[in-house]
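Dear colleague,

I am handing over a structure that is new to you. Please look through the sequence and the model below before you read the notes that come after them.

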Amino acid sequence: TLRADASAIAYTIQAERFVVQERFQQAVDYYRLALVHDPYSAELHLRLARVLGQINEWFAAVEVLEKALVAQPDHVELKSALGRLYFDIEDFASAEKVLSTIGPKQQAYRSSWVLRFESALWMARLDLVQKIRDQVLHEMPEMHCVVARLFEDHGHDDEARGHYASCLER
């Protein structure tokens with residue numbers, strides 16, 4: 001209804017004021033109130049998760065994004081934010097799983113494959129590393145330099161040298 005939308009907007013505006021004032025717990029409370037009036041808003045879920053991260057409530061932020069994805073399973077920004085959050089809390093398997101659903105034609109693909117690739121490296125899943133690498137280089141052959149840097153960062157110097165050589169050829 002129009003009133004619910006107006007309430008959601010009013011609560012969101014107040015939450016934003018609290019964020020600017022760095023009163024993050026109050027911002028959380030107001031974003032939650034806004035979600036009561038607009039429970040399917042991906043943007044409100046994303047903002048709430050960000051503020052929860054500000055106060056180190058990582059698992060609450062994960063829960064908020066997971067719930068939002070249930071309602072909107074194809075929302076790329078929600079997938080990307082949840083994957084990034086999983087990566088940040090070192091749940092690399094969950095990060096890879098969520099981010100693998102972002103396709104090459106979607107805007108978040110470039111950043112998602114880097115996190116997927118690095119998650120696979122952190123998990124020492126070399127089979128998955130190779131699969132992601134092959135997929136990415138098929139879609140974006142110009143990414144040899146990035147692949148090389150990630151291999152190097154994780155101590156895979158031989159792999160890194162091979163990719164640096166391919167990178168320099170381009």
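Predicted model: local features only at pLDDT ≥ 70, side-chain atom pairs only at ≥ 80, totals over all residues.

Residues are numbered from 1 along each chain as its sequence is written, and side-chain values use heavy atoms, with hydrogens and water left out.

Two packed helices are described by the angle between their axes and the distance between the axes. Helices (H or I, at least four residues) are DSSP runs numbered from the N terminus. The axes are lines fitted to C-alpha atoms over the stretch in contact, and the angles run from 0 to 180 degrees between N-to-C directions.

The axes of helix H5 (residues 76–88) and helix H6 (residues 92–99) come within 7 Å and cross at roughly 165°. H5 and H6 are therefore roughly antiparallel to each other, a term for angles over 145 degrees. The crossing of H5 and H6 is left-handed, meaning that the near helix is turned anticlockwise from the far one by less than a right angle. On the H5 side, the contact (heavy atoms within 4.5 Å) is made by Lys79, Ser80, Leu82, Gly83, Tyr86 and Phe87. On the H6 side, Phe92, Ser94, Ala95, Val98 and Leu99 take part. By class, this contact of H5 with H6 has seven nonpolar, three polar and one charged residues. Here Ala, Val, Leu, Ile, Met, Phe, Trp, Tyr, Cys and Pro count as nonpolar, Asp, Glu, Lys and Arg as charged, and the others, Gly among them, as polar.

H5 also meets helix H7 (residues 109–122), with axes that come within 11 Å and cross at roughly 30°. That angle makes H5 roughly parallel to H7, a term for angles under 35 degrees. The crossing of H5 and H7 is left-handed. Ser80, Arg84 and Phe87 of H5 make the contact with Ser111, Leu115, Glu118, Ser119 and Trp122 of H7. The residues of this contact of H5 with H7 divide into three nonpolar, three polar and two charged.

A further partner of H5 is helix H3 (residues 42–54). The axes of H3 and H5 come within 10 Å and cross at roughly 15°, and the two helices are therefore roughly parallel. The crossing of H3 and H5 is left-handed. Ala42, His45 and Leu46 in H3 meet Glu77, Leu78 and Ala81 in H5. That contact of H3 with H5 has four nonpolar, one polar and one charged residues.

The disulfide

A search of the whole structure finds one disulfide (a pair of cysteine sulfur atoms within 2.5 Å). The disulfide joins Cys145 to Cys167, with an S to S distance of 1.4 Å. The link of Cys145 and Cys167 is right-handed, with 50° about the S-S bond. Cys145 lies in helix H9 (residues 144–153) and Cys167 in helix H10 (residues 157–169), so the pair ties together parts that are 22 residues apart in sequence. Cys167 is buried (under 20% relative accessible area, with a 1.4 Å probe and protein chains only), at 14%. Cys145 is partly exposed (between that limit and 50%), at 33%.

Val147 is found in helix H9 and counts as buried at 0% relative accessibility. Not counting residues up to four places away in sequence, Val147 touches Trp113, Phe117, Arg133, Leu137 and His163.

Gly53, in H3, counts as buried at 13% relative accessibility. Beyond four places away in sequence, Gly53 touches Trp58 and Ala61. The C-alpha atoms of Gly53 and Leu85 are separated by 8.8 Å, and the two residues are 32 residues apart along the chain.

Two loop residues with positive phi

Most residues other than glycine have a negative phi. Asn56, however, has a positive phi of about 60° although it is not a glycine. Asn56 lies in the loop between H3 and helix H4 (58–71) and counts as exposed (over 50%) at 53% relative accessibility. Glu90 likewise has a positive phi, near 65°. The place of Glu90 is in the loop between H5 and H6, and Glu90 is exposed, with a relative accessible area of 59%.

Yours sincerely

Methods: Parallel < 35°, antiparallel > 145°, perpendicular 65-115°, else oblique.
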